[in-house]
Amino acid sequence: MSSYQEPVLAPVLEFLKKPHGLYIDGQEVESGTEQTLNIYNPADGRVIATCADATKAQVDRAVSSAWQSFVQKFWVQMLPVQKERILLKFADLVEAHADELAQLLTLEQGKSLGMAKALEVNCAVQWMRYTAGLVTKHNGHTLDVSIPFPEGAQYKAWTTKEPIGVVVGVVPCNFPLLIGVWKILPALAAGCSVVIKPSETTPITMLRLAELATLAGVPDGVFNVVTGQGSGCGQWLISHPLVNKVSFTGSTDIGKKVAVSAAADLKEVALELGGNNPAIVLKDIDPNVAVEGLLASSFLNQGQVCAASSRIYVEAPLFDSVASQFEEAIKSMHIGSGFDPQAQINPLSTYAQQRAVESHLTQIRDQGVEIITGQQTPQDGFYVSPTLIINPEHSEPLTQKEVFGPVINLTRVSDENEALQLANDSDYGLCASVWTNKLDKAMTYSNALKAGTVWVNSHAFIDPNMPFGGIKLSGSGRDFGVNWLDAFSETKSLCIRY
């Protein structure tokens, strides 16, 4: 950490120095065990903090705290407008501490400081305020029923929404704050209690967020954080009998295991899983528009974005121009720490992910495929140079699997029909895009692409009012939108004869 001490804020340094335990019942509690996890700065590989690797007993304590807060109903029965005010104050505190939170994110995750603040922290505030507004608008429906017995009886029926109970949120390492907010806020807005398990590599920002929640007035026990490895802490949370819903964001392989484990108790499960997302570039589009948009969506957060555009299919007349512009851009990208304002490519979040991406690239090099790489990476840290793969075979693992790194596949296609066939020939279905100036093509191909979200002439832009989620191996369930709280609620039907 010594190379970055000068730009780091004093409160950030103080927070990192603490031995971090768990956050239960409105306070950070000592782990009570020697089991700890080292947290590394991806820019240089140095240890910047330690946190607890929770035991089974500690997981039980956190879930029991959430359960007790739920059954005692002091959050559930609070007036909707009171809950709304607390959640809005929570958002205000996150905004007020934006610089601090952004630096914590950069230090533990590796992303640029500018993106940490502008994209992750500021967007988290936007989503928090949107979700807080849903608290006072969570409605059931009146129902017309046709019950004919007994003769002459009349009926009134309606539905109400009740919080589902204790929600476990499992948060990945690519957006430790923003994705955490996507699990915490709708659960709290619906009246649930929450236990969050951040990634074992990026838990620090979440622990600070929990402190801000308590400061905002979220009652003790309603929002808890446990840190630890997925194979222990994560599994114990998912299988805990007092948990009613699991919201998981992560890889497809782990998501399948989560679904199986939760199924034993018929828990509600929402899975936002991997993506290997196609983009179709049709010959009528201005190549400058397509390249600018796809560069941003492909290399955002070093490609560690489930919605990143990773498979780009370009009609033959435009291919050489697009490939040339991509090559020029990739070779000009500066690589460096998230604290370097000139760096356009930062380190990947973990050493393991760096090794996984490099393994994919080694495999494709052995096939003799044309590969274009960017500038040399720093010696220390978890860096991968931005990489362009030209015309890889469709059967290659690099084309079929989620790489989760700064790697783009660029493929020449003879026409738009070949592009559509290749785009849809995937086990994943999170998102896709089509790039065209023709309205009929935009409508035809946005309807034909098999994905949970399809953009036209943009990619990876999301909004709290636009539902988001995948099909096929990209998961189940939807986040965001005006009906978001329904996913954290039970629907009760009531029927009265009079």
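## Backbone Geometry

Lys472 belongs to strand S20, which covers residues 471–472. The structure is a predicted model. In this model, Lys472 has a phi near 55°, a positive value in a residue that is not glycine. With a relative accessible area of 40%, Lys472 is partly exposed. A positive phi also occurs at Phe404, which is not a glycine and has a value of about 60°. Phe404 is placed in the loop between helix H13 (397–400) and S16. Its relative accessible area is 18%, and because buried means under 20%, Phe404 counts as buried.

The peptide bond from Phe149 to Pro150 is cis, with omega near -15°. Pro150 sits in the loop between S5 and strand S6 (155–163). As background to these cases, most residues other than glycine have a negative phi, and most peptide bonds are trans.

How many cavities of 30 Å³ or more are counted? The count comes to four, and the largest cavity has a volume of about 130 Å³. This cavity is lined by 18 residues, and those closest to its centre are Ser310, Val403, Phe404, Gly405 and Val407. The elements that give two or more residues to the lining are strand S13 (309–315) and strand S16 (407–413).

By class, the lining of the largest cavity comprises seven nonpolar, nine polar and two charged residues. Phe404, one of the residues closest to the cavity centre, is the buried residue with the positive phi of about 60° described above.

The largest pocket has a volume of about 1200 Å³. Its lining is made of 45 residues, of which Phe248, Gly250, Ser251, Thr252 and Ile254 are the closest to its centre. Two or more lining residues come from each of helix H8 (230–239), strand S10 (245–249), helix H9 (252–263) and helix H12 (351–365). The largest share, six residues, is supplied by H9. The lining of the largest pocket divides into 18 nonpolar, 18 polar and nine charged residues.

The second largest pocket has a volume of about 440 Å³. It is lined by 21 residues, and Leu119, Leu300, Ala460, Phe461 and Ile462 lie nearest its centre. The elements giving two or more residues to this lining are helix H5 (113–134), helix H6 (178–189) and helix H10 (287–299). By class, 16 residues of the lining are nonpolar, four are polar and one is charged.

## Salt Bridges

The salt bridges number 18. One of them joins the side chains of Lys117 and Asp99, with an N to O distance of 2.7 Å. This pair links distant parts of the chain, as Lys117 is in helix H5 and Asp99 is in helix H4 (residues 98–109), 18 residues apart. Both partners are partly exposed: Lys117 has a relative accessible area of 33%, and Asp99 has one of 42%. Another salt bridge, at 3.8 Å from N to O, is formed by the side chains of Asp486 and Lys161. Asp486 lies in the loop between strand S21 (475–476) and strand S22 (489–497), and Lys161 lies in strand S6, so this pair ties together parts that are 325 residues apart in sequence. Asp486 is partly exposed at 29% relative accessible area, and Lys161 is partly exposed at 24%.

The side chains of Lys441 and Glu416 also meet in a salt bridge, at 2.5 Å from N to O. Lys441 is in helix H15 (residues 439–448) and Glu416 is in helix H14 (residues 416–424), so the bridge ties together parts that are 25 residues apart in sequence. Lys441 is partly exposed, with a relative accessible area of 22%, whereas Glu416 counts as buried at 16%.

## Surface Features

A nonpolar patch on the surface is formed by Leu143, Val145 and Ile147, which together have about 200 Å² of accessible area. Leu143 is in strand S5 (residues 142–143) and counts as partly exposed at 34% relative accessibility.

Tyr40 lies in strand S3 (residues 36–41) and is partly exposed, with a relative accessible area of 37%. The C-alpha atoms of Tyr40 and Lys331 are separated by 28 Å, and the two residues are 291 residues apart along the chain.

Definitions and conventions: Residues numbered from 1 in each chain as written. Predicted model: local features only at pLDDT ≥ 70, side-chain atom pairs only at ≥ 80, totals over all residues. Heavy atoms only, no water. Patch = residues over 30% accessible without salt bridge, like charges linked within 9 Å, V, L, I, M, F, W, Y side chains within 5 Å. Areas by Shrake-Rupley, 256 points an atom, 1.4 Å probe, with all protein chains shown as cover. Salt bridge = Lys/Arg side-chain N within 4 Å of Asp/Glu carboxyl O. Helix = DSSP H or I, 4+ residues; strand = E, 2+ residues; numbered from the N terminus. Buried < 20%, exposed > 50% of the residue type's maximum accessible area, 1.4 Å probe, protein only. 1 Å grid on protein atoms, 1.4 Å probe; cavity = no way out; pocket = protein on both sides within 12 Å on 5 of 7 lines; lining within 4 Å. Points joined across faces, edges and corners; volume = space filled by probe spheres on them. Nonpolar A, V, L, I, M, F, W, Y, C, P; charged D, E, K, R; others polar.
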